Amino acid sequence: MLVGLLALTVAAAFAGAAIYISVAEQPARLRLDDRALLQEWQPSYKRAAAMQASIAIVACVLGVIAWWQTGSLGYLIGAVLIILPWPWTLVAMMPTHRLLAAMDAAAANPQARALIVKWGNLHLVRVMLGVLAALAFLWGSA
């Protein structure tokens with residue numbers, strides 16, 4: 001089933017990008033001083049948000065189509081799991097994001113480090129949802 005395999009592939013791309021952020025990008029940025037940390041986080045977040053949000057929508061739509069075509073519960077579960085980072089981001093992560101985005105990156109901001117650490121911990125939920133979605137799509141395609 002081509003649509004189901006596409007859903008799996010796109011969800012795996014989402015999970016891979018989320019994992020990369022948590023295991024490579026976030027630890028590397030936390031080694032920077034407070035000013036450089038915020039200067040790196042602000043544009044990085046904008047780029048990643050646009051990429052991951054669109055990937056999640058595509059994977060969700062593909063998962064729903066695959067579920068509709070096959071009736072496989074794995075595709076429906078995967079579609080729900082891959083779109084859950086949207087409400088998680090809007091409800092749980094957005095307050096932290098707004099504080100970080102409003103900070104002046106040219107000025108030293110001692111609160112930035114604690115907020116970016118908090119953001120990284122909240123981001124782990126997106127990692128988990130992406131991995132679980134990919135596994136559900138894999139189950140649906142079995």
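## Terms and basis

Contact means that heavy atoms lie within 4.5 Å. Helices are DSSP runs (H or I, at least four residues), numbered from the N terminus.

The model is predicted: local features need pLDDT of at least 70, side-chain atom pairs count only at pLDDT 80 or more, and totals for chains, interfaces and linings use all residues. Residues are numbered from 1 along each chain as its sequence is written, and side-chain values use heavy atoms, with hydrogens and water left out.

## Helix α3 against helix α5

In α3, Leu73, Gly74, Tyr75, Ile77, Gly78, Ala79, Leu81 and Ile82 meet Leu129, Gly130, Leu132, Ala133, Ala136, Phe137, Trp139, Gly140 and Ser141 of α5. This contact of α3 with α5 holds 12 nonpolar, 5 polar and no charged residues (Ala, Val, Leu, Ile, Met, Phe, Trp, Tyr, Cys and Pro count as nonpolar, Asp, Glu, Lys and Arg as charged, and the others, Gly among them, as polar).

The axes of α3 and α5 (residues 110-141) come within 7 Å and cross at roughly 165° (axes are lines fitted to C-alpha atoms over the stretch in contact, and angles run from 0 to 180 degrees between N-to-C directions). The two helices are therefore roughly antiparallel (angles over 145 degrees). The crossing of α3 and α5 is left-handed (the near helix is turned anticlockwise from the far one by less than a right angle).

## Helix α2 against helix α3

Helix α2 (residues 34-70) and helix α3 (residues 73-83) have axes that come within 8 Å and cross at roughly 160°. Hence α2 and α3 are also roughly antiparallel to each other, and their crossing is left-handed.

Among the residues making this contact are Ala56, Cys60 and Trp67 of α2 and Leu76 and Ile83 of α3. The contact of α2 with α3 divides into 13 nonpolar, 2 polar and no charged residues.

Terms used
Angles under 35 degrees count as roughly parallel, over 145 as roughly antiparallel, 65 to 115 as roughly perpendicular and the rest as oblique.
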